[in-house]
Amino acid sequence: MTNQIVKITACCIAVMSFCSCVHLHEYQKTRLNDSEMALSNRKVEKNELNFQSYRESASGANAGKTGGGCGCN
Amino acid sequence: MKKRYLTIIGFALMCRLNAYAQIKPDTTFKKVPIDFYGGLDTESYYPTALKVDEINLVSSYYSQNGDHSAVTGGIGTEKVTDFSNGIDLKLSWYGRPKHKNTLSFGLGIDHHTSASAAYVSITGASKTGGSRIYPSFDWTIENEAKGTSFGLGSYYSGEYNYKSFGADVHFSKKTNDKSGEFAMKLQAYLDHVTLIYPSELIPTSPVVSTGPTYVTTASGNRQLSGGGSSPSIPTSPRNTYTASLSYSQMVNSRFQVMFLGDLVAQSGYLSLPFHRVYFTNGKDSVEKLPSSRFKLPLGFRANYFLGDNIILRSYYRYYIDNWGSRANTANLEITYKITPFFSVSPFYRYYDQSASKYFAPYEVHNPTDAYYTSNYEYAKFTSQFFGIGFRLAPPKGVLGWQGLHDFEIRYGHYSQNTDLVSDVISVALGFK
């Protein structure tokens with residue numbers, strides 16, 4: 001388990017480091033501010049996340065349930 | 001293997017050192033804004049009265065079928081329908097300039113039917129339907145000048161066999177250039193599982209009481225052998241503690257990413273009392289799982305605006321826990337903006353997981369096993385979920401109704417290689 005966590009962390013650091021993050025002015029954020037570009041689940045996906053947490057062992061890391069709050073896992 | 005990872009990290013750091021684009025301060029920022037219709041505008045207006053930010057309604061209909069019900073020991077119908085409805089109300093006001101307070105009230109009501117629930121009673125006479133109600137409340141204060149926010153939340157969920165009380169505290173901070181944001185949330189759920197056993201496995205000794213004896217039926221009713229009042233069904237606690245961390249970053253004018261991770265610790269009664277397990281000798285028992293569980297999901301989101309009207313939304317999650325489960329989730333959604341106000345979004349989600357070390361199918365568990373479950377939620381399987389969504393958000397409101405600022409409808413088909421299939425259709429309405 002420790003080895004897998006180390007591998008994932010190293011990959012994340014590598015991915016972040018390959019990106020060159022530019023300084024953006026507000027007028028350059030028009031595409032990023034589009035509602036479809038939000039880094040979150042859609043409101044309409046809310047109940048989909050619920051049934052996935054009931055049917056699957058994995059949960060969390062998606063702003064949904066991580067466990068508790070219902071008779072699921 | 002270590003050398004490879006060190007090489008990758010070292011090369012990445014070299015690229016990072018020389019990878020900065022223009023970071024010269026914006027010289028136009030210091031200019032005082034001019035109001036063409038009057039004098040200089042030196043103060044912005046912050047409404048102090050409470051106002052409704054938005055109201056969201058979400059409804060879903062879910063229908064499922066399969067052949068591995070946990071109630072009947074890993075075999076039997078998994079037919080389920082669920083009709084979920086939720087409303088969220090957001091109110092905001094400015095207590096001080098640039099300090100925005102937001103109150104969020106939520107209420108959800110689900111009604112479900114489950115064919116396998118009838119077999120909590122060995123005769124199939126238990127009730128198959130149930131409802132759940134779950135209100136929530138959140139207060140957040142945001143300092144727009146500093147780019148920080150702090151908030152408190154609370155939550156309740158009640159259904160006939162499960163009660164949950166939850167609370168959370170959350171905090172976020174943007175980077176100096178407002179292109180990145182770090183967020184943290186600490187959450188606790190203090191739950192109680194009502195101990196409704198399969199009818200043939202109800203404890204035979206009467207529960208202690210000061211009056212006559214009584215028996216608990218599988219559907220949760222207390223039947224008295226004489227007069228007197230009926231005490232409540234015993235419950236067992238289940239607690240969940242979660243620390244959620246996330247960091248989002250705008251990479252360039254078209255691309256932004258987010259890293260998410262949760263640390264989850266659960267303790268208490270972590271199985272369900274009406275789930276059966278059949279052993280190799282043909283005898284059955286209630287499933288038994290450890291009283292603690294630790295989970296570590298790690299997620300990554302990346303959204304890219306391709307061209308003028310295509311948005312690529314991607315998500316990946318790796319999950320691991322100490323019950324032996326490992327899972328991968330990958331999701332890709334391609335949003336095509338037919339017009340700036342109407343978009344269509346087909347999506348595909350792939351999921352795979354390994355079996356928990358406590359899982360075995362029907363009549364495979366050994367009676368001497370310390371822990372055992374035949375709930376296929378813990379089995380090895382792969383699943384696919386695909387569908388399409390439509391979103392309409394015209395500036396003058398949907399169908400000319402200014403208050404209804406967006407309408408979204410989405411359909412998805414889900415299937416596992418364990419023969420479980422389901423369909424879900426959801427509708428979301430946003431009012432401002």
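Predicted model: local features only at pLDDT ≥ 70, side-chain atom pairs only at ≥ 80, totals over all residues.

1. A residue in a turn of chain B. Lys98(B) is found in the loop between S2 and S3 of chain B. The hairpin formed by S2(B) and S3(B) has 2 residues between the strands, and in it Lys98(B) takes a positive phi near 70°. Is Lys98(B) buried or exposed? Lys98(B) is exposed, because 12 other C-beta atoms lie within 10 Å, and a residue counts as exposed at 12 or fewer.

2. For chain B the mean pLDDT is 88, with 84% of the residues at 70 or more. Over residues 18-23 of chain B, however, the pLDDT is below 50, and beyond near neighbours in sequence this stretch has 8 contacts in the model. Residues 223-227 of chain B also stay under 50 in pLDDT, and for them the model has 11 contacts beyond four places in sequence.

3. Overall make-up of chain B. The secondary structure of chain B comes to 1 helix and 20 strands. Of the 432 residues in chain B, 28% are buried. Among contacts in this chain between residues at least 6 apart in sequence, 56% join residues at least 24 apart.

4. Pairing around strand S1. Which strands pair with S1(B)? Strand S1 of chain B, residues 51-65, is joined by 13 bridges to strand S2 of chain B, residues 80-96, and the two run antiparallel. Within this pairing, Val58(B) has Gly86(B) in S2(B) as its bridge partner. S1(B) also pairs with strand S20 of chain B, residues 421-431, in the antiparallel sense over 11 bridges. There the bridge partner of Ser60(B) is Ser426(B).

5. S2(B) and S3(B) pair in the antiparallel sense over 16 bridges, with Val80(B) standing opposite Ser114(B) in S3(B). S3(B) is joined in turn to S4(B) by 15 bridges, again with the strands running antiparallel. His111(B) has Ser131(B) in S4(B) as its bridge partner. As background for viewing these strands, side chains in a regular strand alternate between the two faces of the sheet.

6. Ser116(B) lies in the loop between strand S3 (99-114) and strand S4 (129-143) of chain B. The C-alpha atoms of Ser116(B) and Val80(B) are separated by 8.3 Å, although the two residues are 36 residues apart along the chain.

7. The nonpolar cores. The largest nonpolar core has 21 residues, and those that touch the most other members are Val71(B), Val120(B), Phe274(B), Tyr358(B), Phe359(B) and Ala379(B). Ala379(B) touches Ala355(B), Phe359(B) and Thr418(B), not counting residues up to four places away in sequence. Apart from this core lies another, of 10 residues, and among them are Ala61(A), Tyr318(B), Tyr319(B) and Ile320(B).

8. Ala63(A) is in the segment after helix H2 (46-55) of chain A. The phi of Ala63(A) is near 65°, a positive value in a residue other than glycine. With 19 C-beta neighbours inside 10 Å, Ala63(A) counts as partly exposed. Where does Ser35(A) lie? The place of Ser35(A) is in the loop between helix H1 (2-18) and H2 of chain A. Ser35(A) counts as exposed because there are 11 C-beta neighbours inside 10 Å. The C-alpha atoms of Ser35(A) and Val22(A), 13 residues apart along the chain, are separated by 21 Å.

Notes:
Residues numbered from 1 in each chain as written. Chains lettered and ligands numbered in written order. Core = buried A, V, L, I, M, F, W, Y, C linked by C-beta atoms within 7 Å. Buried ≥ 20, exposed ≤ 12 C-beta atoms within 10 Å, placed from the backbone. Contact = placed C-beta atoms within 7 Å. Pairing = 2+ DSSP bridges. Helix = DSSP H or I, 4+ residues; strand = E, 2+ residues; numbered from the N terminus. pLDDT = per-residue confidence, 0-100.
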